[in-house]
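Trainee: I'm new to this one, and I'd like to know what stands behind each label. Can we go through it together?
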Amino acid sequence: MAFRNRSFTDIHSLTREEIEFILDKTAIIKAALLKKDRSIYRLADGMDLMAASLFYENSTRTRSSFEIAAKKLGVEVTGFSGIEGTSVKKGESLQHTLDMFRAYLCDAVIMRHPLDGAARFAADYLDIPIFNGGDGKNEHPTQTLLDLFTIREHLGRLDGIDIGMGGDLKYGRTVHSLAIALSKFSNVRLHFFSHPLLKMPQGVLDFLQQNNVDYVEHDSLYGTLGASDIFYQTRVQRERMPDDEEYQKAKDACRITAAHLSAAKETFGLMHPLPINKEYPEVTPDADASPKTIYRQQAGNGLPLRLVLLALSFGLMGTEFRGKSNGVEQRSPSFYTDLLVVKKEQKTEQNLKPIQGSGTVIDHLVPGTARKLMDLLKVEERCDIYRGGTVRRRSNRDELKAMLMIENRRLTDDELRMVAAISPKSRINTITNGEVSRKIELHMPDIIEGIPYLMCTNTGCITRPEHHEHVTAKFIRAGESLLRCYYCNAMMGARELF
Ligand code: NCD
């Protein structure tokens, strides 16, 4: 995919070639900005471009560097910094706020929002580029690109490196995006250190494992620093914690002092997305003065990097890029296979009497799912005549399966999709005049959406009803019975969903 009109909502969708291209452009723009060589970077002069900067959460660096980058490029900026004084305070949804900035003819949206998946929603909803300046605890892709630029500047490479990460690995979105991004490079080893309450989420660890990235969860900060070329420290994200007790327990667990830095190797660099908390500093003032801290350069790199991203999306730069992109994933709409119907009488499953007239038999259900399905299919509410139970498999008497028989009912495609998501590999027999007229085997659908009751397990996800954003849940198949939320990337077992 070329860069023109491209949104930057997550780091997953960028290829290594695209990342390297962006970093190379950033080096050129950084040099030009330092020399004030406007002919290189003032690419939007006279084009009447306007970006909306919608920051629902506090920010110093991300917002300012984006806005300064836009101005240096020649793009005007409007919007808000914090929701005080906006109609968000009157209960307006994200969708309606986005509508307005589109109606006012903005050409791009730069946003930071407290809900996971907000940027993905905005990018799908609007036809202009969206730049994700952080969505809840999910991702912060533009931060990650400037982090990669800084690592490359400091170490001269992105392959064969040891990167430590610490502080708040659970709620810190910067470390999630950075870990995912580093998986695109070769021979990268990650070293994690945090309070046990703030460990890297299992979903990210699973992703690293699947992508053959070596990682170690350390139990000593000295050990972690000793193993790392660069350590990426983060602030404990108090504002994202459900209760302050978690913060009180974890706030001092990963604090970097001057002693830590003197013990680290000569070429070591300490990074931090900033801000550092001044009351319970995760980098102490004596360490802050050390030349091994490179977070000031790191933050400064946000300016050229974000200028490059804006320029790429506006088609002002990078049209020559011919490298590899991740194509739009092709997903199959089908979620079942027709099986051959052998004309024979329905067998009686122990005490489950076969359907004499018409109806549906759902067979080979995972035990324990029949009750759930009955609720979802509203079997009792509709006063359907049904029979259900757990029985032994004929082929293997040691194995159990569940069955549900519903008289005078055919399942709709949406209902079948729901059964497929809860119990992939189950079979649906359509009964006509007491005989099986059609038999299908279900598979986990590639995409699951539009099913009532479907709820992402991440309470911070934009699709959760308690946030009233009216975004319908949508899931992508990530394994035999594993799903990934399309918006917030949370991984969950299919059965947890319903
Ligand atoms: C971070 C953020 O907001 O995700 N800061 C940043 O963007 N530079 C980290 C933080 O707030 O602690």
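Predicted model: local features only at pLDDT ≥ 70, side-chain atom pairs only at ≥ 80, totals over all residues.

Trainee: Why is the contact of R6 and E18 called a salt bridge?

Mentor: The cut-off is 4 Å between a side-chain nitrogen of Lys or Arg and a carboxyl oxygen of Asp or Glu. R6 and E18 are 3.1 Å apart, N to O, so the pair qualifies.

Trainee: And are R6 and E18 buried or exposed?

Mentor: R6 has a relative accessible area of 6%, and E18 has 0%. Buried means under 20%, so both residues get that label.

Trainee: What about R16 and E20, how far apart are their closest N and O atoms?

Mentor: They are 3.2 Å apart, and R16 and E20 form a salt bridge. Both belong to helix α1, and because they are four residues apart there, about one helical turn separates them.

Trainee: Why are R16 and E20 called partly exposed?

Mentor: R16 has a relative accessible area of 25%, and E20 has 26%. Partly exposed runs between the 20% limit for buried and the 50% limit for exposed, so both values fall in that band.

Trainee: Which parts of the chain does the salt bridge of E57 and R240 link?

Mentor: Their side chains meet at 2.9 Å, N to O. E57 is in the loop between β1 (50–55) and α3 (61–73), while R240 is in the loop between β8 (230–233) and α10 (244–250), 183 residues apart. E57 and R240 are both buried. Elsewhere, R382, D384, R409 and E415 are linked in a network of salt bridges.

Trainee: How do you know that R306 has no salt bridge?

Mentor: The nearest side chain of opposite charge, D147, is 7.6 Å away. A salt bridge needs nitrogen and oxygen within 4 Å, so R306 goes without one, although it is buried. R306 is found in helix α14 (residues 302–313). Beyond its sequence neighbours up to four places away, R306 touches residues including R61, F66, H140 and L146.

Trainee: And what leaves E469 without a salt bridge?

Mentor: E469 is another buried residue, and its nearest side chain of opposite charge, R464, is 13 Å away. E469 lies in the loop between β16 (447–449) and β17 (474–477). Among the residues E469 touches, leaving out those up to four places away in sequence, are S93, H113 and I462.

Trainee: What makes helix α7 "mostly covered"?

Mentor: In α7 (residues 173–182), 10 of its 10 residues are buried. R173, H176 and L182 are among them. For the whole chain, buried residues make up 54% of the 498 residues.

Trainee: Now the strands: how do you know that β11 and β14 pair?

Mentor: Pairing takes at least two bridges, and five join β11 (residues 359–365) to β14 (residues 427–432), so they count as paired. These strands run antiparallel, and I362 stands opposite I428 in β14.

Trainee: How many bridges are there between β14 and β15?

Mentor: Six, in the antiparallel sense, with β15 covering residues 435–442.

Trainee: What does the secondary structure of the chain come to overall?

Mentor: It comes to 16 helices and 19 strands. The C-alpha atoms fill a box of roughly 85 × 55 × 45 Å along the principal axes.

Technical notes. Residues numbered from 1 in each chain as written. Heavy atoms only, no water. Buried < 20%, exposed > 50% of the residue type's maximum accessible area, 1.4 Å probe, protein only. Lys, Arg positive; Asp, Glu negative; His and termini not counted. Contact = heavy atoms within 4.5 Å.
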